[in-house]
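Here's a quick tour for anyone who likes their structures with the cut-offs spelled out. Have the viewer open and follow along.

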Amino acid sequence: MVDQATLDKLEAGFQKLQAATDCKSLLKKHLTKEIFDAIKNRKTSLGATLLDVIQSGVENLDSGVGIYAPDAESYTVFAELFNPIIDEYHGGFKVTDKHPATDFGDINTLVDLDPSGQFVVSTRVRCGRSLKGYSFNPCLTEANYKEMEDKVSSTLSSMEGELKGTYYPLTGMDKATQQKLIDDHFLFKEGDRFLQAANACRYWPTGRGIFHNDAKTFLVWVNEEDHLRIISMQKGGDLKAVFQRLVNAVNTIENKNTIFKGMTAWAS
């Protein structure tokens, strides 16, 4: 059961949302009194409550959506709220619909989009992934951040071949390294007010960091918004080479540690 202090905050937040006549978020539209009462006492096995889900949308009444999933289980525990919002936001993704199994497709169908180098300046492909057994940012503890960074940085530091590179923790980063990452357009910043209200930026910059390979064509952001944001990029339009590198990187990361196997994406 949810504690009384959390319930009090939920009730106050719900009343604030209902009183906001100019709020047009999907949260306000779909969090009816009936649904609110049905799910307000629920909690996931990792401890996430409805307050963790809606607090950003309650704080920021100009949100378009207004909810964040604090862990993977939230999608089922609070399904009465998530399902209609997902369906509307994606223009039709119903409860009976299923995501297909992970399939990177036939890479050999991809080509260099600009072999003459006249039009495409650079090509970049990225994906977000989450680690098994951990909440998403809104419910991560400081200890979680540190533990995850240790595991991820150790795994990334063991990369070989063209993926071999260096991990740069944001905590204690010296000015020279910081400027280098800024110049390379690699350094990410603390999240916006929507993420901050969702508690997705706590303990900043603890547990956050950036990895890139020696050629600066493979990059991983650690605990920015996703647990991992994996990026492949290079000058020119060779989409096949860029996508192949991303696939190789994801598969390599998953195979190096059991907590990365079957990594999933998350959305807000």
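## Ground rules

This is a predicted model, with residues numbered from 1 along each chain as its sequence is written. Local features need pLDDT of at least 70, side-chain atom pairs count only at pLDDT 80 or more, totals for chains, interfaces and linings use all residues, and side-chain values use heavy atoms, with hydrogens and water left out.

Helices (H or I, at least four residues) and strands (E, at least two) are DSSP runs, numbered from the N terminus.

Let's start with helix H6, which covers residues 79–89. Buried here means under 20% relative accessible area, exposed means over 50%, and partly exposed is in between (1.4 Å probe, protein chains only).

What do the buried residues of H6 pack against? They pack against helices H2 (26–30), H3 (33–39), H4 (50–59) and H5 (74–77). After H6 comes Gly-91, with a positive phi near 65°.

## Rings on rings

The structure has 7 aromatic pairs. The bookkeeping goes like this: rings of Phe, Tyr and Trp (its six-membered ring) pair if their centres lie within 6.5 Å, with planes under 30 degrees apart called stacked, over 60 edge-to-face and the rest tilted. Take Phe-188 and Trp-204: their ring centres are 5.9 Å apart and their planes meet at 80°, so this pair is edge-to-face. It ties together distant parts of the chain, 16 residues apart, with Phe-188 in the loop between helix H8 (175–183) and helix H9 (193–197), and Trp-204 in the loop between H9 and strand S3 (209–213). Phe-188 is buried at 5% relative accessible area, whereas Trp-204 is partly exposed at 23%.

Phe-188 also pairs with Trp-221, and that pair is tilted, at 5.1 Å centre to centre and 50° between the planes. Here the link spans 33 residues, from the loop between H8 and H9 to strand S4 (residues 218–222), where Trp-221 sits. Trp-221 is buried, with a relative accessible area of 11%. Put together, ring pairs join Phe-188, Trp-204 and Trp-221 into a cluster.

There's a charge-over-ring arrangement too: the charged end of Arg-208 sits over the ring of Tyr-145, 4.0 Å from its centre. The test for that is NZ of Lys or CZ of Arg within 6 Å of the ring centre and within 35 degrees of the ring normal.

## The second largest pocket

A pocket, on a 1 Å grid over the protein atoms alone, is an open set of points where a 1.4 Å probe fits, with protein on both sides within 12 Å along at least five of seven lines; lining residues have an atom within 4 Å of a point. The second largest pocket holds about 250 Å³ of space, where volume is the space filled by probe spheres set on grid points joined across faces, edges and corners.

Its lining includes Ser-122, Arg-124, Asp-184, His-185 and Phe-186, along with Met-233, Gln-234 and Lys-235. Strand S1 (122–129) and strand S5 (228–235) are the elements that give two or more residues to the lining, and S5 has the largest share, with 3 residues. By class, there are 4 nonpolar, 4 polar and 4 charged residues in the lining. For that count, Ala, Val, Leu, Ile, Met, Phe, Trp, Tyr, Cys and Pro are nonpolar, Asp, Glu, Lys and Arg are charged, and the others, Gly among them, are polar.

Which peptide bond is cis? The one joining Trp-204 and Pro-205, with omega at about 5°. Pro-205 is in the loop between H9 and S3.

Asn-199 is in the loop between H9 and S3; its phi is near 65°, a positive value in a residue other than glycine. Asn-199 is partly exposed at 26% relative accessible area. His-185, back in the loop between H8 and H9, has a positive phi near 60°. His-185 is exposed, with a relative accessible area of 70%.

## Two more stops

Arg-42 lies in the loop between H3 and H4 and is partly exposed at 27%. Leaving aside neighbours within four places in sequence, Arg-42 is in contact (heavy atoms within 4.5 Å) with residues including Val-2, Val-77, Phe-78 and Glu-80.

Phe-243, in helix H10 (residues 239–256), is buried at 17%. With the neighbours within four places set aside, Phe-243 is in contact with Phe-104, Ile-107, Leu-110 and Val-125.
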